[in-house]
Amino acid sequence: MVEGLARQLAQRGVEAPAVLAAMATVPRHLFVEEALRAHAYEDTPLPIGFGQTISQPSIVALMTAMLAPEPGMRVLEIGTGSGYQAAVLAAMGCAVFSLERMPELHTATRALLQELQLGAIRTYCRDGTRGLPLAAPFERIIVTAGGPEIPAPLLDQLAEGGILLIPVGSRPRTQRLLRVRKRQGRTDTEDLGPVIFVDLVGDHGWRH
């Protein structure tokens with residue numbers, strides 16, 4: 001079924017071979033509740049509890065391709081969630097530093113990732129909008145929740161030549177996916193189109 005997912009994604013326009021190869025090796029059904037595993041390889045988001053979701057496979061694949069990670073890169077992920085996106089990045093040979101603000105979700109996902117041993121993933125329970133300054137800079141940063149603006153700490157922690165991918169919008173659950181590149185200390189921002197993500201909550205996001 002995992003291999004079939006890769007073929008399905010290719011049919012949906014995902015062309016990056018490294019992304020398709022990684023998603024063909026990560027068992028998505030292990031990242032959803034047992035009652036929903038029959039739907040794990042459908043192209044749809046699924047609830048994972050705590051008001052959060054695992055994104056549909058095509059969104060994970062497209063965002064990963066837009067991030068353009070390469071083996072050996074240090075990647076900061078904001079919003080561990082189910083751990084699926086982190087697992088895909090690790091399968092591509094990246095060193096992943098993943099932040100989750102919800103203690104219960106963080107604990108459950110950390111245990112799953114440790115059990116699966118899918119690659120170099122370090123998880124932290126903290127406000128993701130602050131980033132992880134002690135481990136910065138990062139060559140890639142991916143944010144899997146939408147906020148009202150790009151958090152300044154994340155821009156500061158992006159390495160020279162790096163890419164940051166983040167949904168941003170003036171209203172919750174209504175965002176544009178932005179790709180930010182840092183060159184010579186300056187940032188260029190590209191609008192990649194409309195998306196819908198859960199809220200990015202924190203000091204530099206939405207205040208709940």
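This is a predicted model: local features need pLDDT of at least 70, side-chain atom pairs count only at pLDDT 80 or more; totals for chains, interfaces and linings use all residues.
Figure 1. Leu105, His106, Thr109, Leu112 and Leu113 of α5 are buried. These five residues cover an arc of only 135 degrees around the axis, so they lie on the same side of α5. Glu104, Gln114 and Glu115, on the other side of α5, are exposed. The buried residues of α5 pack against β1 (46-49), β2 (52-54), β4 and β5. Gln117 follows α5 and has a positive phi, near 50 degrees.

Figure 2. Strands of a sheet pair through backbone hydrogen bonds, in either the parallel or the antiparallel sense.

**Figure 3. Strand β4 and its pairing with β3 and β5.** β4 is largely enclosed by the rest of the structure, because five of its six residues are buried. Strand β3 (residues 74-78) pairs with β4 in the parallel sense over five bridges. In this pairing, Arg74 stands opposite Ala95 of β4. From β3 the chain crosses through helix α4 (residues 84-91) to β4, and this β-α-β crossover is right-handed. β4 also pairs with β5 in the parallel sense, over five bridges. Here Leu99 stands opposite Tyr124 in β5. Together, β4, α5 and β5 form a right-handed β-α-β unit.

**Figure 4. Surroundings of Leu132.** Leu132 is found in the loop between β5 (121-125) and β6. Leu132 counts as buried because its relative accessibility is 8%, and the cut-off for buried is under 20%. Apart from neighbours within four places in sequence, Leu132 is in contact with Leu76, Phe97, Leu99, Tyr124, Arg126, Phe138 and Gln157. Glu77 and Leu132 are 55 residues apart in sequence, and their C-alpha atoms are 9.9 Å apart in space.

**Figure 5. Strand β7 beside β6.** Strand β7 (residues 158-171) is mostly covered, with 10 of its 14 residues buried. Four bridges pair β7 with strand β6 (residues 138-143) in the parallel sense. Among the residues in this pairing, Ile142 has Leu165 of β7 as its bridge partner. A right-handed β-α-β unit is made by β6, helix α6 (residues 152-157) and β7.

**Figure 6. The hairpin of β7 and β8.** β7 and strand β8 (residues 174-183) run antiparallel and are joined by seven bridges. Leu164 stands opposite Val180 in β8, and Val168 stands opposite Arg176 in β8. The hairpin has two residues between the strands. In this hairpin, Arg173 takes a positive phi near 65 degrees.

Definitions and conventions:
Residues are numbered from 1 along each chain as its sequence is written. Side-chain values use heavy atoms; hydrogens and water are left out. Buried means under 20% relative accessible area, exposed over 50%, partly exposed in between (1.4 Å probe, protein chains only). Two strands pair if DSSP finds at least two bridges between them. A crossover is right-handed if, with the strands pointing away from the viewer, the path from the first strand over the helix to the second runs clockwise. Contact means heavy atoms within 4.5 Å. The arc is that of the directions from the helix axis to the C-beta atoms.
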